[in-house]
Amino acid sequence: MPLPPVFYHYFCTPLPYTRTLLLQEKIHQLQLAARRSSSHHDILLLLEHRPVYTSGRRQTEQELHAERARLTSIGAEFAVAARGGQLTYHGPGQLVGYPLLDLARTSPPIGIRDYICVMQKMIQSYLLLTHGITHVPSDHTGVFLDPVTKIASIGVQVRHRLTTHGFAINVTKEPLEWFGQVVACGLVDVKAGCIAEAKGKNTRVEDVVPGIVDAFGTLYGRDMVKLYPQNAGELGEAILALEEDALAAGEWLNAPSPN
Amino acid sequence: MFSAIGQAARARTMPLMAARTSPSIIMRVPGCRTIVTKKYTEEHEVVAFDDETGLGAVSITDHAQESLGDVVFVELPAVGSKVVKGDQIGAVESVKAASDIYAPISGIVTEVNEVLNSEPGLLNRSPEDKGWLCKIKLSAPEEMNELLTLESYKATWEA
């Protein structure tokens, strides 16, 4: 029996991080409940965030305290996420993808390592086929242009085989200066790269979306169907509410504010 | 010979029985060692229940550690916390994926495997033995009956 399609939605306005966490949580709960009657949907959210630094589960509040103060003073939000991975940055100019999937749709279920592996391949394949950008293999999870330049990150949470969080790909140069303020992912010598720099050509996040949707469908073997939030019940309402909030939040900083 | 061993076993368990707050029926065959039952959950947790101590050692299965990849971090519950079957009691992080672990049975956490803090890879090398996560004092030993046998567990993921 073929797998149902993955419904995707692209948010046009950069979203506040914490509110988006709440949306992910809401969708996770909806999926958990609907799964009992096998009526749950797999979703792919594609978006940008307003400037925010996020840490994973490993760091303690003590360790984070000083960083939190420093980073909020340069104009970013700071949040702790229950995903794998360490400190990273999200902001305008970077495409963030949250696949909210049920790994147990197939029998046997998709293993976590395989799920992450396919995610990595999906990004690598997209970069090569659409932009002619080649990556170098690395022991670290994520996509590297060379041993010290990272263009995409991955950080995922799995609960009851339902996934949240996902991947982030730097498209324009805007995120790079923000990345420069921290040691991201615990990798000291590594700096951030982006599609625009790698290609030597300006690229917009919205132009990257269709290719990523295609690559996702191909690599995960799923049909991708555009979600229409107006017709998508509780899930759709939650998406529309977040978009409204994002618009109401107004402008964001383009660069870290000098101290 | 038999009766001597039986008596020694009883002598050992007497103080424990006195300390137990909830009565539990233990069938003890003279001469037999402690009975340890291993049961599984669909979420890849294992409980090795020692009916003499009433403690269940919780770990993840070998299949789980294989499908996770290299474990880099383990989140464990606090000693003394009361858990209900199905509660999130910790997480395992590997290759950028944090996977929650759930309590297979209800009870109180009596011990956690501190070695995992410095050696998370133990979960890959010895998932069901040295890489045990925590020990729970079962509040309802009959919950063990609701869990899966090894065969039923394997059937959930074998193609």
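Which loop of chain A holds Ser38(A)? Select Ser38(A) in this predicted model, and you will land in the loop between α1 (17–35) and β2 (42–47) of chain A. Check its backbone while you are there: phi of Ser38(A) is near 50°, a positive value in a residue other than glycine. Most residues other than glycine have a negative phi. Ser38(A) is exposed, with a relative accessible area of 59%.

Now hop over to chain B and pick His44(B), in the loop between β1 (36–40) and β2 (45–50). Here too phi is positive in a residue other than glycine, near 70° for His44(B). Is His44(B) buried or exposed? With a relative accessible area of 16%, His44(B) counts as buried, because the cut-off for that class is under 20%.

Back in chain A, select Ser107(A) and Pro108(A) and look at the bond that joins them: the peptide is cis, with omega about 5°. Most peptide bonds are trans. Pro108(A) sits in the loop between β6 and α3 (112–131) of chain A.

β9(A) gives the most, with 4 residues. Coloured by class, the lining shows 7 nonpolar, 9 polar and 2 charged residues.

Terms used
Residues are numbered from 1 along each chain as its sequence is written. Chains are lettered from A and ligands numbered from 1 in the order in which they are written. This is a predicted model: local features need pLDDT of at least 70, side-chain atom pairs count only at pLDDT 80 or more; totals for chains, interfaces and linings use all residues. Side-chain values use heavy atoms; hydrogens and water are left out. Helices (H or I, at least four residues) and strands (E, at least two) are DSSP runs, numbered from the N terminus. Ala, Val, Leu, Ile, Met, Phe, Trp, Tyr, Cys and Pro count as nonpolar, Asp, Glu, Lys and Arg as charged, and the others, Gly among them, as polar. Buried means under 20% relative accessible area, exposed over 50%, partly exposed in between (1.4 Å probe, protein chains only).
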